[in-house]
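Work through the exercises below with the coordinates loaded. Each task is followed by a solution in steps.

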Amino acid sequence: MTARQAPRVLSRALLFFLAAALGACAARPAPADHRADWWREARFGMFIHWGLYAIPAGEWDGKPAPGTGEWIMRNAKIPVTQYETLKDRFNPVNFDAHAWARLARTAGMKYLVITTKHHDGFALFDSATSDYDVMATPFKRDIMAELARACRDEGITPGWYHSILDWHHPDYLPRVPWDNRPASDADFNRYTAYLEAQVTELLTRYGPIGVMWFDGEWEDHWNHERGKHLYELCRRLQPGILVNNRVDKGRNDMAGLDREGEWCGDFGTPEQEVPSTGIPGVDWESCMTMNDTWGFRADDHNWKSATQLIRTLCDTAGKGGNFLLNVGPTADGRIPPESAERLEAIGRWMSVNSGAIYATSAGPFERLPWGRCTSKGSTLNLLVFDRPESGLLTVPGLLNDPRRAYALAEPDRPLRTRREGTNVIVDVSGVGFDPAATVIVLEMGSKPKVAPLAVTPISDTNGVAVLTPSNCRALPATPAIEHIEGVESFGYWTGPKMAARWRLSLPPGEYAVTAELACQNDSAGNIMDASFAGRHMLAKVPPTGSWQKFQTARLGSFVLTKAENAEFCVTTSGGKLAKALMNLRKITIQRVSPSHDKESE
Ligand code: H79
């Protein structure tokens, strides 16, 4: 089983019961297993990265260190003995567990995951297995004990982040290159025993824990057997706990979902990104920072706006995933005011709109030009980012008629709706719009029926069809969509299997195809493959000067002797990509001459 594939229900259930019976690791919790119910309903949690690294706060030897704050030991090549001395200065006198848990609740978050130990090896709890812990600092208070209690008081489910990777422990391997302790007496089995002893402390002393969130699994000595053993330990100590997929080796880089194969872990962990689509039958949670660091950095002022964060929450919920939003408290124990402000703004939005987030699942639409959608039973929650200038919101391809429509902020004022072909039009002209996202609720009364997204047929457009990210099919392996100078384009086109696809119906004729694309000079030259109904056009991606400078390139032409209703697909012709294929914002298909094929005329 894998978090990427959606195994057939029967085999999944069978495997689950088998796995449960054998005590083996169960991948995605089966629906019959209610272990994940609370987490799927929660949709939104707080990530907290806190540790000794908050003291240097991104600066070492008077110089800014590269990278994120919590990686300073590695990125500034700090020797173990020197880094260790930070513990003598760890005294966060302003730490108030209740204030943190309350802030999470105010933001509308339902759970929290905090670093119990990051890659630097320092434990924030009172660990009997280690002297490198909070009890060896002037602070001498068990942070996990205080937080677990505060979470329970505030109705937040506590969770632990725990790093497998450890730059400090003498038995961890491989050592960082500048670590001059002799590696010959290191014993990774002893390290694993230490790791499991700490995990046992974390799961036996602090009451029920919602999530065990491992990280740092990618180095060589960690393997599937160890991952499976650790997963089973967690489930044995707390049968109801959820364990992320980084316990094992199945994670597919930062995209975070599992590769094919049999891996342990209950949910996938995309990092700093949201998948282009949800994947039916797969649980996942995108974790993300509000600026560019996890652990506090005094010099990082690159904050995302509250609007951006609210839209990312809508994006994850609309695709059926969770959002784990990070804060990096300071060395004196406070959540930075910039983070708190944003959490409060999200909380104000949630106090009106959380009904469109909690206990929802992915919306039924492939793509919506103006925002996202979540569903709950037969109700659709439209999360509208862009207010329609006309005051009329088009819900494309919604085949049944809503029984009732209203803005979630004004539930007693019904909105008028009408049908226009396959679209439903909602009159939102009287709705007070929230600049982040306005929720329009459509009570459908029965299961929403949605037509597949299609490009306007060429016969309606003077012989031209325009394919853009907004009318593409969003499927797994669709490249990410980003905005360049306000225009949507496909970017981060880094995988050889990535493809942009559109549903297109064309009458017979001859067609010329062009693309508006951008490609940095040193990455140009990859071959792109555009195809429709078995006709392939291969073109070399030209250098355009930069990833932001778009040019129109001719891809080729094709002939249809009869009408075709097929998928237009743009991908790479195989082979490894240097950096990325291209940024692509538009494909134009122009009918240059009708076919002279008698049969089809
Ligand atoms: O705790 C935060 C970061 O410190 C940590 N994860 C979040 C939640 C993190 N560790 N590393 N990174 C983030 C980036 C590292 C990426 C890489 Fe790799 C590690 C590149 C190569 C090895 C992961 C594994 C991505 C590809 C393989």
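Predicted model: local features only at pLDDT ≥ 70, side-chain atom pairs only at ≥ 80, totals over all residues.

**Exercise 1.** Find what radius of gyration a compact globule of 601 residues would have, and set the value of the protein against it.

Solution. Step 1: the globule rule is 2.2 Å times the number of residues to the power 0.38. Step 2: for 601 residues the rule gives a radius near 25 Å. Step 3: the protein has 26 Å, which agrees with a compact globule. Step 4: along the principal axes, the C-alpha atoms fill a box of roughly 85 × 60 × 55 Å.

**Exercise 2.** State what share of the residues is buried and what share of the contacts links residues 24 or more positions apart.

Solution. Step 1: taking under 20% relative accessible area as buried, 56% of the 601 residues qualify. Step 2: among contacts with a separation of 6 or more, 71% join residues 24 or more positions apart.

**Exercise 3.** Locate the mean positions of the positive and negative charges and give their distance.

Solution. Step 1: the protein has 66 positive and 71 negative charges. Step 2: their mean positions lie 4 Å apart.

**Exercise 4.** Describe how strand 16 and strand 17 pair.

Solution. Step 1: the protein has 10 helices and 28 strands. Step 3: Arg418 stands opposite Ile425 in strand 17. Step 4: the two strands form a hairpin with 2 residues between them. Step 5: in the turn, Gly421 has a positive phi of about 65 degrees.

Technical notes:
Residues numbered from 1 in each chain as written. Heavy atoms only, no water. Helix = DSSP H or I, 4+ residues; strand = E, 2+ residues; numbered from the N terminus. Buried < 20%, exposed > 50% of the residue type's maximum accessible area, 1.4 Å probe, protein only. Contact = heavy atoms within 4.5 Å. Lys, Arg positive; Asp, Glu negative; His and termini not counted. Charge placed at Lys NZ, Arg CZ, Asp CG, Glu CD. Pairing = 2+ DSSP bridges.
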